Amino acid sequence: RQGSGVIIDPAGIIVTNAHTVSDAARVEVRFMDDALITAQILKVIPEQDLAFLKVTPPYPVSRVEIIDSINIHINDEIITVGSSPFLKQTLSGGRVIGFANHRNPDDKNRPDLLQLNINIYSGDSGGPLFNSKGQLIGLMVAKQANQDRLCFAIPSDKIIKAYLKFLEEIKTKSHHE
């Protein structure tokens with residue numbers, strides 16, 4: 001399997017989709033300069049299709065700026081970085097065309113998925129979704145079968161919540177040891 005990810009912590013923490021690393025015996029991360037590093041799977045959250053990985057970068061890295069996806073609106077411009085063999089290191093632009101609340105219909109202000117008018121391909125899952133200012137607003141997750149230019153991304157607030165919960169679990173675990 002092949003997927004994408006994005007560094008959210010300069011300590012080498014990467015977020016990606018759970019479906020790209022679930023049941024993997026080994027995970028490797030290829031940086032933009034082709035450096036290949038073995039990654040440790042820290043946490044897989046299947047119900048949210050999120051996973052956190054840890055790498056020891058070969059050089060200093062910085063994290064992307066993440067903003068709360070509550071500030072995303074229909075028609076906002078978006079950019080994603082393709083990592084599939086088809087669109088390797090290619091920027092694609094489009095717009096937010098809708099919001100999906102299939103898992104949590106009680107919270108209309110916090111969509112479960114962002115609906116986008118771009119194409120993604122095998123290997124693009126887990127890739128970053130940026131707003132026009134280059135801030136992370138989501139993580140590419142799926143395309144609509146048999147539909148051109150229609151895909152979905154996990155909103156950044158879901159990533160932020162899951163990462164903060166993971167950090168709290170580590171903190172609580174280390175206090176009990």
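This is a predicted model: local features need pLDDT of at least 70, side-chain atom pairs count only at pLDDT 80 or more; totals for chains, interfaces and linings use all residues.
**Overall fold**

The chain contains two helices and 11 strands. Read from the N terminus, the order of elements is β-β-α-β-β-β-β-β-β-β-β-β-α. The radius of gyration is 16 Å, close to the 16 Å that the globule rule gives for 177 residues, so the chain is as compact as a globular protein of that length. Along the principal axes, the C-alpha atoms fill a box of roughly 45 × 40 × 30 Å. Buried residues make up 45% of the 177 in the chain. Of the contacts between residues at least 6 apart in sequence, 55% join residues at least 24 apart.

In soluble globular proteins, nonpolar side chains tend to be buried together. In this model the largest nonpolar core has 21 residues, and V6, I8, V15, L50, F52 and L139 have the most contacts inside it. At least two core residues come from each of β1, β2, β5 (50–54), β10 (136–143), β11 (151–155) and α2. The element that gives the most to this core is α2, with four residues.

Not counting residues up to four places away in sequence, V6 touches I13, I14, V15, V64, G126, P128, L136 and L139.

**Pockets**

Rolling a probe the size of a water molecule over the atoms shows where empty space is left.

| Pocket | Volume | Lining residues by class |
|---|---|---|
| Largest pocket | about 1100 Å³ | 17 nonpolar, 11 polar, seven charged |
| Second largest pocket | about 180 Å³ | three nonpolar, one polar, six charged |

The largest pocket has a volume of about 1100 Å³. It is lined by 35 residues, of which G3, S4, G5, V29 and R30 are the closest to its centre. Two or more lining residues come from each of β1 (6–9), β2 (13–16), α1 (18–21), β3 (27–30), β6 (77–82) and β9 (128–131). The largest share of this lining, four residues, is from β3.

The lining of the second largest pocket consists of K43, I45, E47, Q48, K158, K161, A162, K165, F166 and E169. Both β4 (36–45) and α2 (156–176) supply at least two residues of this lining. The largest share, six residues, is from α2.

**Two loop residues**

D49 lies in the loop between β4 and β5. Its relative accessible area is 14%, and because the cut-off for a buried residue is under 20%, D49 counts as buried. Apart from neighbours within four places in sequence, D49 is in contact with T16, N17, A18, H19, V141 and I154.

R26 is in the loop between α1 and β3. With a relative accessible area of 57%, R26 is exposed, the cut-off for that class being over 50%. R26 and G5 are 21 residues apart along the chain, and their C-alpha atoms are separated by 16 Å. G5 is one of the residues closest to the centre of the largest pocket.

Definitions and conventions. Residues are numbered from 1 along each chain as its sequence is written. Side-chain values use heavy atoms; hydrogens and water are left out. On a 1 Å grid over the protein atoms alone, a cavity is a set of points where a 1.4 Å probe fits but cannot get out, and a pocket is an open set with protein on both sides within 12 Å along at least five of seven lines; lining residues have an atom within 4 Å of a point. Grid points are joined across faces, edges and corners, and a volume is the space filled by probe spheres set on the points. Ala, Val, Leu, Ile, Met, Phe, Trp, Tyr, Cys and Pro count as nonpolar, Asp, Glu, Lys and Arg as charged, and the others, Gly among them, as polar. A nonpolar core is a set of buried Ala, Val, Leu, Ile, Met, Phe, Trp, Tyr and Cys residues joined through side-chain atoms within 4.5 Å. Buried means under 20% relative accessible area, exposed over 50%, partly exposed in between (1.4 Å probe, protein chains only). Contact means heavy atoms within 4.5 Å. The radius of gyration is taken over C-alpha atoms; the globule rule is 2.2 Å times the number of residues to the power 0.38.
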